[in-house]
Amino acid sequence: MADSALPAPGTIGGAIDVTPHHKAPGTFLETLHSWVVTVDHKKLGIMYVLYALVFLLVGGVEALCIRIQLGRPENHFLSPEVYNRFFTMHGTTMVFLMGMPMLVGFMNYLVPLMIGARDMAFPRLNAFSFWMTAFGGLMLYYSFIGGSGLYAAGNAPDVGWFAYAPLTARAFSPGHSTDYWTVSLLVSGVGTIGAAVNVIATVFCMRCKGMTMMRLPLFAWLSVVTSALILMAIPPLTAAQVMLMIDRYLGGHFFDTLAGGSALMWMHFFWIFGHPEVYILVMPAFAVANEVIPVFSRKPIFGYPAMVAASVGIAFVSLGVWAHHMFTVGMTSVGNAFFALSTMIVGIPTGIKIFNWLATMWGGKIRFATPMLYMTAFLFQFLMAGLTGIMLSVAPWNWQLHNSYFVVAHFHYVLVGAILFALMGGICYWYPKVTGRMLDEKLGKWGFWLLVIGFHMTFDFMHIPGLLGMPRQIYTYEAGRGWDTWNLIVSIGAFVQAAAVLLFAYNLLVSYFRGEVAGNDPWDAWTLEWATSSPPPEYNFVADPVVTSRRPLWDMKHPEDPDWKYE
Amino acid sequence: MNADRSTSRRSYLCRTLVLLAATFAAHAAFAEGPQSTPSIFAPAGTPAASIFDLSLFVIAITGGIFVVVAGLLTYAIVRYRHKKGDEKSEPAQVYGSTQIELAWTVVPVLIVVVLFLTTARLIFAIQDAPRPKKTLDVTVIGHQFWWEFHYPKLGIVTANELHIPVSSNQQPQAVFLKLYSADVDHSFWVPQLAGKTDLIPNNENVMWMDAKHPGLYVGQCAQFCGVEHAKMLLRVYADTPEEFAAWVKNQQQAAVVDPQVEAGRELFARQSCMNCHTIKGTPATGHYGPDLTHLMSRETIAAGAAPNTPAAMKEWIRDPDSVKPGALMPAMHLTDGQIDQLVAYLETLH
Ligand SMILES: [Cu+2]
Ligand SMILES: [Cu+2]
């Protein structure tokens, strides 16, 4: 696909900023001010990720309390009320305040750099989106103080993260805790939609010269797919939240079963959001894997067009599977069969992805630095998560497994084993670019192995009480049901994971001050973000880069054997 | 509606194949008679057993996929890891291969076809099972945080502990449940007998089950329904035909009238107990709480939160929150003397 009209490869070399920057560091207030008013995609991206990491710790503490409570039968560590608040807040936090902001942060920081742009398409919308998300999270946590109204002691939402109607009706959920849940998700949803619009506009309109859609780094491709899914999935949730508020305050009866409303309708609205949400969260994990695995295997991604097609395919199919969360609500047999089939079909493009990653590693020279370790664990764990997903799609078996700890184990395998592992690997990979320093490799490996051990202790064994009939969202259980030992192991594993996450956070912190200086391209990588300095200057590139293939830096480093000859 | 026995040969094969499942399967296969466990791998009813067979088949397939893919991954990691001297050159750059990619698309497609067909078969077999002539109908109403059972044809109302006749090959006996909710969503789940079905307000659901061995089957509410969701336990007793007939006969009677506990009976009617509870044959006709007419025929109280003993009963009436925090029965602030009288009365309700 050599195009003679384009400048020869190597032009990107001129994109690197070599002017020395000797700006005096500002006072604390000046620095703070510069972060609060910033519209720079990199600063916003960093803020998104830090915000997500803070909520990872908060949601993690909630999880630990939950696990202490469940470690023994008939435990009294948490009261039923507090337990119910904690699992509701844990779920809501991890999905909306940790998962989504984290991935939006990644997209924000990386997409413009990867496509050779100087910023996002709408920098001010970008800042607005971040602050909406941030306020949504703060408002949700304010409920601990203000949930019962300012005069009473506060309480947080306690209706579960999917908040099934009519438990959310005023008859069953008095006070304001449910309102905090509703409004904060509404607010942060607006932020997420803003971010999605921005990513799509950026990728479609801001690519540098020579970067056709088929030369787009897969990370950017998957960011577009994620953003498209966000645009389709968040509005139903927002609509449902508005209807719920109308029910609660204006006498509406959408979900108010006491007055003829429909509890099923909430479920449909919620899961039409909720299932694509899973893919919104997992696509960025795929995106990271698509960048990291090739670089550390020293080979280009295997089957680039198939990877794009599979991602788009997963996105489409994922819009038609939501009722697999509702196999037990009494759908007709045909309905159940339909959703079983559509869910199984997701397995096909997903399988293609796994095979392509495998083929990328095949014949390579794989360097197992920390980012690649995380990716390897991601591959095994995602495989396992996918297979338990297939089990859950078998509707009759789902009648047994639904709402049991098996499901809890399955989706934590996806959310932690696949997504969190991939994102942590991603943080390790791009940390040198963002800070200009390398992470401590020894600490990183310790953290990784600790996390692997903790993760498998917790979530492998969590499947078993599910198979033994333990339902989710119960604050305690009686002894003698065969669940005790498994729960104890699971709880211990949770603490091992907590230690690993703390070690990871500690590594991020000390390496910022003491880490080895990274240089522009510490991994010998191939996409444009590595063509500028670390950290990149505000304007990213001095001159607009020009690319002629999917791996512009490969072309630059191997002028004798450039990629564009083969694409 | 009978479990398709043609699957048993296949499931036997799976049993030998799948180590993990085999442990559980052995658990089921060697269980002498019923065991009171909520394990889905110890089925004792037709729907649960056919689901169990299907699950073994699915475990075999997914287990096979795992072994193959994880094996290839492991091989790649070991074989292609970076070795000394590797830094001198880059490996061969391969961009893809349409043939290979087509091949590994076709295999998953075939697996999906097989899985879907077996799944669909069982969905229809269970959900659209023709209704046999001899069935028992029960209406289940979910409440925050207890179960109400009606036997419309038998004129029985009871709570939390469901009695059904056992099903044998000579006398197949299916139980058809109609499921409703009085307040929020709940889910009826007794894993050894059948999968779960939700109880949704303003909505009617149906499910059926049978029990192959006499005995107790435990389960619990499987849809979060509020503060005491964890203590909304469920007990199903499969009785022999004789036991069941005797149970029915007793339940159909009005409440026992024992003059010795007259004081307690009066107290029950004077306190607001009667606004919430029914005791057949007395003025108490409340519907908010469980029917107490034959309270002593139950082994537990408050949906399994406590055993049905005089001591637990006293504690429950003195302060329901201390037994089941958040339960919807209020503490009535009665004196110890009053509570003794009440419990003495309740203890006669056989
Ligand atoms: Cu889903
Ligand atoms: Cu419940």
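## Copper site in chain B

Four protein donors surround the copper ion (ligand 2): B:Cys221 (SG), B:Gln223 (O), B:Cys225 (SG) and B:His229 (ND1), at 2.1 to 2.6 Å from the ion. This is a predicted model, so the site is a computed one. In sequence, the donor residues follow the spacing C-x1-Q-x1-C-x3-H.

The geometry at the copper ion (ligand 2) is tetrahedral, with angles of 86 to 132° among the four donor atoms. The label holds because four donors count as tetrahedral if all angles lie between 85 and 135 degrees. For reference, the ideal angle for four tetrahedral donors is 109.5 degrees.

## Copper site in chain A

The copper ion (ligand 1) is held by histidines: A:His275 (ND1), A:His324 (NE2) and A:His325 (NE2) coordinate it at 1.7 to 2.0 Å. Along the chain these donors are spaced H-x48-H-H. A:His275 sits in helix α7 (residues 263-297) of chain A. A:His324 sits in the loop between α8 (304-318) and α9 (333-361) of chain A. The pair therefore ties together parts that are 49 residues apart in sequence.

Are A:His275 and A:His324 buried or exposed? A:His275 is buried, at a relative accessible area of 6%. A:His324 is buried too, at 12%. Both count as buried because the cut-off is under 20% relative accessible area.

## Strand β10 of chain B

Strand β10 (residues 233-239) of chain B is largely enclosed by the rest of the structure, because seven of its seven residues are buried. Side chains in a regular strand alternate between the two faces of the sheet. In β10(B), both faces are covered. On one side lie B:Leu233, B:Arg235, B:Tyr237 and B:Asp239, all buried. On the other lie B:Leu234, B:Val236 and B:Ala238, also buried.

Which strands pair with β10(B)? Strand β4 (residues 161-165) of chain B runs parallel to β10(B), over five bridges. Here B:Ile164 stands opposite B:Ala238. Strand β9 (residues 215-220) of chain B runs antiparallel to β10(B), joined by six bridges. In that pairing B:Gln220 has B:Leu233 as its bridge partner.

## Helix α10 of chain A

Helix α10 (residues 370-393) of chain A has 24 residues. From first C-alpha to last, α10(A) reaches 34 Å, close to the 34 Å expected at 1.5 Å a residue. Of its 24 residues, 21 are buried, so α10(A) is largely enclosed by the rest of the structure.

Technical notes. Residues numbered from 1 in each chain as written. Chains lettered and ligands numbered in written order. Predicted model: local features only at pLDDT ≥ 70, side-chain atom pairs only at ≥ 80, totals over all residues. Heavy atoms only, no water. Buried < 20%, exposed > 50% of the residue type's maximum accessible area, 1.4 Å probe, protein only. Helix = DSSP H or I, 4+ residues; strand = E, 2+ residues; numbered from the N terminus. Pairing = 2+ DSSP bridges. Donors = N, O, S within 2.8 Å, 3.2 Å for Na, K, Ca; no water. Tetrahedral: all angles 85-135°; square planar, octahedral: opposite > 155°, others 65-115°. Expected span 1.5 Å × (residues − 1).
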